[in-house]
Amino acid sequence: MAIAGSNIIQNNGSGSGAVPQTVRSRTYRTGNTTMSLHEGQVLKGVVTDVHGNKITLDMGNGASFTGELEDASRYSIGQKAGFRVAELGDNTITLKAYGDNYLLGMDDTVDQALEEASLPKTDRNIDIVQSLLENGRSISKDSIMNAIRLTSKFPAADVNAVITMDRLNMNMTDESVKQFEQYQNRSHQLLYKMDALTDSIGEMLTSIGEKVPRLASQVGTELIRLALESEPSMEESELIRGRTLPDVAEIPTFYDAEGKPVPSESLIQMAGEDMTLTDAQGKQIPIQEAVKALVDASPDLAAKLEDASPELAAKLSEAQGGAGGDGANPAVLTDAEAAAVGETGVTEDTEQAKDAGAFSRMRNLFSNFTDSAAGAIKNAVAGSGITEDFRTPFIHEQVGYSLSPEDRETFSGLLKDYPVSEEIKQGVADGSVTTRELLGELQKQFPKMSDEMSGRLISNKQFQLVIKSQFTTNWTLSPDEMREEGAMRKIYEKMSTGFSALEHFSETTLGKDLFQDLSGTAKDMSQNLDFMKTLNDAFQYIQLPIKLQNQNAHGDLYVMTRKEKLKRDPSKLKAVLHLEMDHLGTLDIHITKENTAVTAAFYTDNEKTEALFRKNMDMLKDAINEQGFAFQSTMNPKEKDIDIVKDFIAQEAPVGDMKRYSFDLRA
């Protein structure tokens, strides 16, 4: 192979430099210099590149060469090694291993690489070389320079994130690199970011309510509309079916000239026409009055009216605004008001959030698994005492879940002076009313409140907790809901729409984008969904914001079997379910499925959780076997967290044991 070097090598293993007359030697020209080698000569240096059976050795002082080695793949970039020249050809140097390999420390390797590349030992250059080593990349001068140019495109990003994404051939933008860093350092969980987002909503409401109360009614009405856009959950629907709803959602009926009832949505579509309808009492009224009655009774119809007849919607909004405002467009801040409430700065625009995919291949397996596991574990936990101190009789959608008894007492006391039905007030006091019912009633009554009352309401801590609970409920799924066809796709569509709407809420509602925390967090969460979609082009991974009986829990679902392998053999599947729970701790479940044989390995660092599972594992096994699976399981102590990059995205990448600062290129 052609030589690459600059200095004549004086690096043999005899110590005396004497060359026996029977040994063949050759002089190789490389560029404007020559390199003299002889068979049997020992060369030592640092491996800077390995490709097939070719290995490049850097011997210091700028001297380097590339030779052929039968087992080159067992050497690693950054490793210090010795080789004996076995044969010299016209254009090829054949090498053999000489003695035991030995390793440089990371610092020594990095220093030597920068010296050979004639680059300063700045903190960033050191980080770049270390990252190249960690990613099994060449640390030749050209490789280091390419890495410097690449990382300079993302000056605010961690260099290791950029170099790792480049190794994995991932598309890189400022947004995707930022999200990759968050996934690397485990700050990517949507569930926990929901807390930050809803806290920002509370800060905004407090600022508006205290400093610009004339806008409180409009801001509160619009925010409630966003919170109530999603359909009721499965648990909420079951609760509602079990009792009689208050009349807050009662929709009036109107009849056409032939006495036939006109569906509400059809009436909305005809809102701009010149016609007269008849109400339930037989009184004739203009269609505009009928539309107003419908919109007052149903916030959902207000949004549809905006699409069907923007002019009429604007007139109705203006008429409602007169009760609590002082102008034709009360939902716009003056410059002075903007200065008063906008202390958090301005955020930039962003694209609309994109849809996130779901796992159709995993649904059947996890439906059966979680269905059986849920029943078995629920029975086991019931008598374990592990949850006795945090059980609640309320579902997530009820006020009793989001507000403590003390909060309910305080809030119901506040509502005594407000135009709210007695049923709703009593439901707040005992916790039985749903947040949807309460917010729907408040939205209906906002136009009847004075500015002072509206401002005091949206500034109230308990009101903000209810709003927060409603948004969080919209973006989480119970185990029962997760088993429904298309459930993950629907919940991610809800998140995508909700995050995008909240990102622009300040600008669209107030005329200025004033609340940086709110807009910035919503934007980050939209980008998180985009990045997950990018990941799913090659890998199957999804976050699971789970709504358990007494808490919300973050989950990650990793399908370790690559998509192309699943296409070839869908009967074989490996997956990891990672759960983070307040009371049971962290739990990892490694699941392997081959046809109907399912093996699950449970890993936990919580002694109570381990004891609970060990005690009831037979119950779980029987329940899953009844679903038609041959189930086996093990219980193991949890020793390390799942690394989404090293253990999942890069699981097939050639990166070995980092402790040795060398890399097994055959891995």
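Modeller: Start with Ser 412. Its contacts, leaving aside neighbours within four places in sequence, are Lys 425, Val 428 and Ala 429. Contact here means heavy atoms within 4.5 Å. This is a predicted model: local features need pLDDT of at least 70, side-chain atom pairs count only at pLDDT 80 or more, and totals for chains, interfaces and linings use all residues. Residues are numbered from 1 along each chain as its sequence is written, and side-chain values use heavy atoms, with hydrogens and water left out.

Biologist: Why does Ser 412 count as buried?

Modeller: Buried means under 20% relative accessible area, exposed over 50%, partly exposed in between (1.4 Å probe, protein chains only). Ser 412 has 13% relative accessibility, so it counts as buried. Ser 412 lies in helix H16, residues 405-415. Helices (H or I, at least four residues) and strands (E, at least two) are DSSP runs, numbered from the N terminus.

Biologist: What makes S4 and S5 a pair, and in which sense do they run?

Modeller: Two strands pair if DSSP finds at least two bridges between them. S4 (residues 54-58) and S5 have 5 bridges, in the antiparallel sense. Leu 57 has Phe 65 of S5 as its bridge partner. S5 and S7 (residues 93-97) pair in the parallel sense over 2 bridges.

Biologist: Which residues have the most contacts inside the largest nonpolar core?

Modeller: They are Leu 457, Phe 463 and Phe 602, in a core of 104 residues. A nonpolar core is a set of buried Ala, Val, Leu, Ile, Met, Phe, Trp, Tyr and Cys residues joined through side-chain atoms within 4.5 Å.
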